[in-house]
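Okay, thanks everyone, I'll keep this short. Have a look at the sequence and the model, and then I'll walk you through a few spots.

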Amino acid sequence: MTQPNPNKQSVELNRTSLYWGVNSMANTTGRVPLWLIGTVAGILVIGLVGIFFYGSYSGLGSSL
């Protein structure tokens, strides 16, 4: 006698779940996607390095 699978879950995809990379069966309330945090952090690091390069060519450290 075959018993039904207790682990079977229905998968529902909609536009929001495809955009954020999560599906509706995952409990993601209040969470920020890791790719978004990494993107923002990477942009901030590139901006900080850019400020250091700008400072090396102008101001007190420019050797001019």
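**The end of H2 and what follows**

So, let's start just after H2, where Gly59 takes a positive phi of about 85°. Before I go on, this is a predicted model, so local features need pLDDT of at least 70 and side-chain atom pairs count only at pLDDT 80 or more, while totals for chains, interfaces and linings use all residues. Residues are numbered from 1 along each chain as its sequence is written, and side-chain values use heavy atoms, with hydrogens and water left out.

Back to Gly59: its backbone oxygen lies 3.0 Å from a polar atom of the Ser62 side chain. Ser62 itself sits in the segment after helix H2, which runs 34-57. Is Ser62 buried or exposed? Ser62 counts as buried because its relative accessibility is 14%, and buried means under 20% relative accessible area with a 1.4 Å probe, protein chains only. Leaving aside neighbours within four places in sequence, Ser62 is in contact (heavy atoms within 4.5 Å) with Ser56 and Tyr57.

Now the helix. H2 has 24 residues and reaches 35 Å from first C-alpha to last, close to the 34 Å expected at 1.5 Å a residue; that expected span is 1.5 Å times one less than the number of residues. In total the chain has 2 helices and 0 strands, with helices being DSSP runs of H or I, at least four residues, and strands runs of E, at least two, numbered from the N terminus.

Key:
Buried means under 20% relative accessible area, exposed over 50%, partly exposed in between (1.4 Å probe, protein chains only). A polar contact is a pair of N or O atoms within 3.5 Å; within protein, one must be able to donate a hydrogen and the other to accept it, and residues adjacent in sequence count only if both atoms are side-chain atoms.
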